[in-house]
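I opened this structure for the first time today. These are my notes on what I looked up.

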Amino acid sequence: MLEGTAGRASELKQQGAVEAANDPNTSVDAQEAEQKMLEESKKAGAAAFEFDPDASPEQKAAQLREKRQFERPHRKHQTAALVSDQDDGQTAGYDLPPPSKEGAVDAASAPPASPTGNAKDDFSKVGWAPRFGNPADKEEPSSMLDHQDMLEGKLDEKFFGDWYHNTGIIIFASLASWVVAVLGGGLGWVFIVMAACGTYYRTSIRRVRRNFRDDVQREMAKTKLETDTETLEWINSFLVKFWPIYAPVLCTTIVQSVDQVLSTSTPAFLDSMRMKFFTLGTKPPRLEHVKTYPKADDDTVLMDWKFSFTPNDTADLTARQVKNKINPKIVLEVRVGKAMISKGLDIIVEDMACSGLMRVKVKLQLPFPHIERVEICFLGRPTFDYVCKPIGGDMLGFDINFIPGLESFIQEQIHANLAPMMYEPNVFPIEIAKMLAGNPVDQAIGVLQVTFHGAQGLKNPDKFSGTPDPYAVVSINNRDPLGKTKTVEQNPSPRWNETVNVVLTSLREPLTIHVYDYNEYRKDKELGVCTFNLEDLEKNNEHENLQLEVMASGRPRGIVQADVRFFPVMEGHKLEDGTVEPPPESTTGIAKFTVEQAKDLDGTKSLIGQLNPYAVLLLNGKEVQISQKLKRTNNPIWPNATKEMLITDRKKAKLGLVIKDDRDLAADPVIGTYQIKLDDMLDLMHKGQEWYNLAGAKTGRAKMMLQWKPVALKGALGGSGGYVTPIGVIRIHVKNAKDLKNLDTVGKSDPYVRVLLSGIQKRRTVTWKNNLSPEFDEVFYIPVHSTREKLVIECMDEENTGKDRTMGQIEIPASEYVQQGANGEYLVHDSKNKVIPAQLRMGASPPKGTLNFTCAFYPCLNVIDPDEEEREEAKARASMETDPRKSTEIAPNGSTGARARSNTAGTVGSVNPADQEMKKALEAGEKEQTEAEEVKTAPVPKVRIGPEDLKNYECGLLVFRILEGHLAHSGTYLEVVMDDNLFPVYTSAKAKSGNYNFNETGDFMVRELDLSRITLRLVSELDTKGEGMDKDDIKAKLTGQTIDTLKRCLYTPTQISLKDEHGRESKITVSMRFLPVKMELDPSESFNNSGNLRVEVLDAADLPAADRNGYSDPYCKFIMNDKEVYKTKTQKKTLHPAWNEFFEIPVRSRAASKFVVEVFDWDFGDRADPLGNAAINLDVLEPFQAQEVV
């Protein structure tokens, strides 16, 4: 409303200037009227310019560009809440030193924690050091035992009201029964009956009395709890002894924390505020009584606590205690003036006292920590009392509460601030469960991706505004803007085709999309708003082709067409023993960068020796956060120097810190800087290093922390979905297992082995049915990306129904096999011949079963990626065009003409000349950071691989990126199957539509590139157990040579067509690259080592005679790995048989197989006689070439 009023006033002034210029009776001419209109337009916030009327349109455009360099661009809706590492060609202008981790401080040499009372002077501001008891409390204690009489002291407790008072009835009954018993019994029998009755009665009456007494006392206690209160003298007695120990520590902690709060809350007209002295006195607070409510709900504990803190009440103190008593006192120093021209004044607040009744409600829960939250509120107004002396000090100070009306006014202000927080019915909640869970509510849970296709039928509520120029702004529950689309001019049905990414901390609030009509000189007009319930993402992470209705004043104003996708933070895999593995490696994710504090900043850069420091957080040279500006401290602790950022390429992201000194009038000088790569900082955080020595400063170090949450981001800004280029492969040869634990009640388990990397299954063996000692004999190659990763080899029991159960697992840290050489290259760890017998462990139970395997590491070559190289060159060209210093250097003849000055206009260096000194300081600190204790290493050489170079490499990693697909069958999965693998090496998400954007990356180890084959297929169902896939489930399929496909798709997105049996075509866009691996392939893994063996049994000669007739009846048996695979027919009565038969058998490993032929003499009704045997060496065979073996 005020903005509209100001705009209306400006329009009236401009109209008055025009009318005055048109009036011949005034002295105002047209030039003065134009100048007045120009000034009023600028005052109203409009972009107003003045041109030469004789200039050409090109000259006017040049004048406009030159003037706009000094004008602030018109943007009513700032959308800087989302911070990303995307390069827009702009930086904050700081000349940071190159990223380095050499300034990291070892954890052992980090600054010590806050003082805890060991030093003598640490408690000079709080009255006394921790001690046992108060010196005045030396009187002899009294005891209630002094008041008992002699009878109570001599008579034992067992003689008070015992059983003999009531056994008289039993004795009387026994004597009466004696009259009856005289007929047949004696007196001894009567006494025996009496003793038995007395013992029984004694036992029964005591039990009845005890139970009755307990029930009565319990009911009376419940009634008393609801009506009366209980004293808490036990805790008051504890506080009396504990207060001298804990009060100084508590006061010291308060002083240290309050100084930071006062530094951030200092008004502009004061130089600084700090706490000079603080003590709570020698008399502890007191809990008067407590009242409980036992009839509350089962999950609720409800209590009322009466408390008081009255240190000036001396009614319960002795004369000596009163003499040595220390009263509560706070001395606050307020400095008036600036810098050296300032004066400190002491404001004293003493004799504080308060009392009140507080209700405490504890909400219980079943999971740990069993307390969900605690709610606290005051029942009625608490009372406060104090003495405040703002001037004059202790001797001459005047209590301002003596001023009439001021005390009640201050009391009302206190109550007005506390009432909304914790006066009944308002409560102050303490979320115990969330605090102990370690996952704060405000931490990021994932990335929301909103893809705007466009809008239809947008209507402007103002009929006279014409056709709208719409753009959309994304926010959460109508709060700060988080993203914005481009503006489409003069179109009620715009097509934006843009993607906005938002970091989410909760799915409990709605997504709001505001649609605006852009106005160049006026405030943008809101066309309407549409909402999307984020809770729907819990069931389905993807919502495509949404038609969101734009509402304004309860009426529909058009439709926004968008896709909403949610990519949650990837969590670590939880093992059976409860340990959590690190999450998978990803180049995309959310980084939380925090600068907590700094120590020992260089105070020589300030005239008074104390700084007013604040921190500037940078990402890739761009400012992302500026902390609060503290006052007069060289050891600042910043409460808000933290920022969550969306990172799309972790390998290239650089984090920076600039600490500056706040100067009100002069330029803020730089105290120190630091810059480090995000990857390097993660490594240092993993080692526990958090302190970094600042560059460009004599002294000073900063505590910086980084939290990384990987997110498999796809689509715009997603790159390859967070795929990290591997540094090598770990070869795992699973040989066999022995004595596995049987998990089945009937029969034996069906084991298989799988390999997991960061909780994600990478490879698995086939299942061995009903076998506890399987012979797997399978080799896996697992790509690894860093030494922080862990591999888990897990043996599973396959179930027909339900989830497969674990039989035990083994952890393999990658750091045990991955090592770097002095030149930065990763070294080969060839230990494939060393068999490791490892026991399988399952949780905390004892190990059962042994798995035999081998493990080795082979690094990849450092291959140049042409796409990355092109991006680097483009970035370098853009830097040359935008960097003012580089453009000045390349100017011909040393000229620094108008173009160079135009490039520097609006940059940090041109805003204030004092910043040039800051740049020089940064350049000096650059050498300090990069050369101090730094070991120079040669760069790892890179290899360029083109299609013609592929024939030079035998084995390596095939990295394929599936971009998009135009599918003839919706609701299908895309699978990539390599070579003879039973299970696919890549399976996509389910394509819900015919046009699907995969944007996913996979990899596989190719053993022999020239013989490898690749298969792409579309399937409707997944085969997770390796049982084979039905023909109807395979919708389309294409198989070809891997090397031919790789040459075609190398670094180039290429469409591959898959046709089904009806001729319908599906097109998949694929891009590939190849990373050779430094490894010599074992002969047993060659494709020539496995296949089908065809054996032709021809004849034999000179066989021995086994029958009496001098002949034999020979036949042959062929045995493969101790198993009979074929038996020939019997040739009767011959020593030179000719069988002329053939057979084929599959061979898994030609090099490892044992193939034997045995010849027997057949006898009717008797056992066959062996005639001889021979071993056949399969290694000498060449593929597809027949060879006669004798």
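The entries below go element by element.

**Ground rules.** I am working with a predicted model, where local features need pLDDT of at least 70 and side-chain atom pairs count only at pLDDT 80 or more, while totals for chains, interfaces and linings use all residues. Residues are numbered from 1 along each chain as its sequence is written, and side-chain values use heavy atoms, with hydrogens and water left out.

**Entry 1: an open sheet.** I looked up a sheet of four strands and found the order β21-β20-β23-β24, with antiparallel pairing. Strands here are DSSP E runs of at least two residues, helices are H or I runs of at least four, and both are numbered from the N terminus. Two strands pair if DSSP finds at least two bridges between them. At the edges I found β21 (622-626) and β24 (670-677), each pairing on one side only. The twist averages 25° from one strand to the next. Angles run from 0 to 180 degrees between N-to-C directions, with axes fitted to C-alpha atoms, for helices over the stretch in contact.

I then checked β20 (residues 613-619): four bridges join β20 to β21. L619 has K622 of β21 as its bridge partner.

Helix α12 (residues 678-686) packs on this sheet and touches β23 (654-661) and β24. Contact means heavy atoms within 4.5 Å. The direction of α12 makes about 90° with that of β24.

**Entry 2: N736.** Is N736 buried or exposed? N736 is buried, at a relative accessible area of 13%. Buried means under 20%, exposed over 50%, and partly exposed in between, with a 1.4 Å probe and protein chains only. I located N736 in strand β27 (residues 728-738). Its side chain makes polar contacts with the side chains of E775 (3.4 Å) and N852 (2.6 Å). A polar contact is a pair of N or O atoms within 3.5 Å; within protein, one must be able to donate a hydrogen and the other to accept it, and residues adjacent in sequence count only if both atoms are side-chain atoms.

**Entry 3: helix α10.** I noted Q411, H415 and M422 as buried in α10. The buried residues of α10 pack against β8 (371-378), β9 (383-389) and β10 (428-430).

**Entry 4: strand β35.** Why do I call β35 (residues 956-966) largely enclosed by the rest of the structure? Because eight of its eleven residues are buried. Ten bridges join β35 to β38 (residues 995-1006), antiparallel. Ten bridges also join β35 to β42 (residues 1065-1076), antiparallel. In β42, I1068 is the bridge partner of G965.
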